[in-house]
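Welcome! Have the sequence and the 3D view ready, and work through each exercise before you read its solution.

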Amino acid sequence: MNVFKYFVASLLMLTPTVNTKAQGWKNPVVMSGQQSYDVGDPQVIKYRGVYYLYCSSATKSLLCWTSRDLINWSDAIVVSNDPIAVDGYAPEVKYWNGTFYMVTSPNGLGHYVLTSDSPTGPFKVVTDNLKQEIDGSIFIDDDGQWYFYHADHTGIKGNKMPTHTSFGTDVDLNACMNGQWTEGPGVFKRNGKYYLIYTGNHVLTNGYRIDYAVNTQGPIASYTPQADQNPILISADGVDSHYGLGHGSAFVGPDLDSYYFCYHNMTRTSGRTQRQLDLDRIAWNGDKMMMLGNTTWMQDAPIIAPCDYFDRAEIGPDWSTNGGTWSIVNSDYLAQKSSAENAMAVFTPYAEDTFTAEFTMRLAQGETSGCFGALYAYADANNYQEALLNAAEAKLELYSCSQGVRTLKATYNLVGDFTPQAWHSIRLEKKGTRLKVFVDGLLRTTTTTGEKGGSVGYVSHGCKADFSYIALSPYVDGSGILDVNLPVPGIIPATLCKEQSIGAERENFALSYGMCEVMHLKQSHWLQYNINVRMKLLYNMGLRYKSSAPAHVRLLAGDEVVKDNVLLPATGGAWAVAPINDIQLPNGRTTLRIEVIDGDVTLYEMLIKRGTATPKTYEDTFDTSISKIWKHTEGVWKAVDGQMCSPLFGKNVAGALTDIGMTDYSVECDVTCTNGINAGLIFRTNNPSIGGANDNTTLGTDFQQGYFFGISNNAVVLGKQNYGWTTLASKNRAFYVNQSYHLKAVVEGATIKCYLNDEATPVITYTDPLPFISGRTGVRSHNCIALFDNFKWAPITTISGIDSVFGDVSSTLDDEFNSQLPITAYTLMGQKVGADSDAYKLYDKLHKGIYILKDSKGKTKKVIKK
């Protein structure tokens, strides 16, 4: 039976506590009993198919919640009242060989290890204070070596653990955000790459955010922060009152394939600061991790693989047995109670050649030898495959049975202190002929196998054994994300298309640490994505692509064309970003389709952000006071003699949250430095924040995502700030205190033009290959007292030199416009699409759409090409 068909028919019977019609979740997630607790620094583990969430709760007890589907959560469970662990910071739990190990730092004063034989405790302290700051986390590599990570004043540190309850000598991991306090580390391994996720800088600041870094050398080798993507989670603007995002953990969801990330946000109500739980999906483009968040609207419920928890009295019709004595014990697990040589229990779902399966098993108490484990690719009693745990020899054994002849294919040592009577897991990931086998989460082998699909189940040889949670999924290597709607606004890798035209090709693209994929399209090729749009609005897109010649694309939402004949200029083989503005998208679930009208283009990803329907003009002359247009103020700004006076360090941002979608505009002002020279304009500003505990303008001087154009002692400088500083361009000029200078920046698409005083020619022109595509504006001072005056921020209403368009839209070229002067054609976005000495010839060359034609004397006309 096909696993997809089986899922609908059998899931309710197999997992009666899971609501398969759940609408999903919306951040922040509210769990039963949560209201009176702080839910910070969340960590999720999976044990026997159940998810356990631990967190900092700002109480005298350590708490957890449980869920099978990540939607329906239990009441809060007290897992420890140990007096040493009162107010434990960031408790994290690792299961190994029958014992649950918890690390936590009570009141942030050093770590203790607690243990329990149950994920719900009680956990008891088993060590003295092991020091090493706060936010401890444990990772076990495939060779069984344990590693400990923690926060430190100089960045994230890691060390080898000599035992499960002791720490080694620290190694610096090259993960320090802005040279400031960095915390919340967590490491996981995927396809041979080590991913470190961490948080900074201060839990009480709006700009608390999450970065990640990668290495291929080892758990405590030097990591490389992914600067082009970081921060991967941030919301300092506070859209939907959602800000201060940080400290979480990554884990695999109930489809056995899709990664999720749980973290917390801050909220301030009635003078109280509280942390709340958030959950978002992680998508993968090859080895590249993409965070699909942060989201604040309803997301698709996690897909649940066909599974069985044995939470009933009878085995039921979905299992068939062959040999042995099988029964369900205490509505908790499936037991095989005989020492038969070959005892099998086969689960009904059928797997194709590509699948992921999880199995849970243990040797029965009192047994010391025999083999037990997973059955897969089961066709009949004479044709099947086995992945077995050899109890006496502590080995993984792979067997193949063909036509009744059973053959040992391979044997692998199990690592560490293997206790067969403890619960263990086997995970199989099969993609075509490639098979990966994991035991207790550790990769034991990657091998080539030729067997086809079949059922899964459990098997034992010469021993009594117990079996628990089993699940079978059609997904592998991140493919599960294709069956959910991707959140918009957000980032969408081109390869995550649900459908594609014949001829659209995937191509490998090398990363510094691995590989990802891009999509190569030619004329008439298309890609289609399932999306989940936050609300009906205009949106802006930054389309990252490359093309050796100009190409044109159109965008469709559902069946409606929302952007037509969009020019993608030639990039000379380099990657570039084409901003596509004012895309009208409906609310909720729909499809987004990109079609190539002509040309040859390679697509990497799409960043979609909220737009602005009615761009405003803002002005302030500070004649008597500072006006109310300034919505984000850092430090003390005041009106002095008709000017706005800055603090020594600070940013002042104009415009409301609805103006974050402003794209193409000019911003200008006069600036006079009175003490030091380092001040100017900021623009396309997103997520501005103060540093420290939301009160330190010096630490937060670079805390924004946007651009800065300003003056220093001997240069005009254009810089890019992404919670850090990068100089994009500069020109040597001399500047003096107490002298006024006029600064103006014009940003259009990916190009920035910077003007000084009354000069007609830009002093700096720069095209950013990976631009911020929208954002607000303002002013900034850095170690300088500055006076600002005559501030003006205005949208560009006449694009690319088109002065104005008069008259009605015409579907023909009338004689009045048919001049023999050189004619240039533009899209309504101001993109140049062609030129000719004759208007009729140019008109004939155009694709269907609406255009603006302009002759060499400046005359313009809007026309429709049908």
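**Exercise 1.** In what order do the four strands of the open sheet lie, and is their pairing parallel or antiparallel?

*Solution.* A word on the source: this is a predicted model, where local features need pLDDT of at least 70, side-chain atom pairs count only at pLDDT 80 or more, and totals for chains, interfaces and linings use all residues. Residues are numbered from 1 along each chain as its sequence is written, and side-chain values use heavy atoms, leaving out hydrogens and water.

Step 1: recall that strands are DSSP runs (E, at least two residues) numbered from the N terminus, and that two strands pair if DSSP finds at least two bridges between them.
Step 2: read off the order, β1-β2-β3-β4, with antiparallel pairing.
Step 3: look at the edges. β1 (40-47) and β4 (77-80) each have a single partner strand, so one side of each is left without a neighbour in the sheet.

**Exercise 2.** How many bridges join strand β3 to β4?

*Solution.* Step 1: find β3 at residues 62-67.
Step 1: count three bridges to β4.

**Exercise 3.** Where does Pro762 lie, and which residues does Pro762 touch?

*Solution.* Step 1: go to the loop between β60 (751-756) and β61 (764-767), where Pro762 lies.
Step 1: look for contacts (heavy atoms within 4.5 Å). Leaving aside residues up to four places away in sequence, Pro762 touches Lys753, Cys754 and Tyr755.
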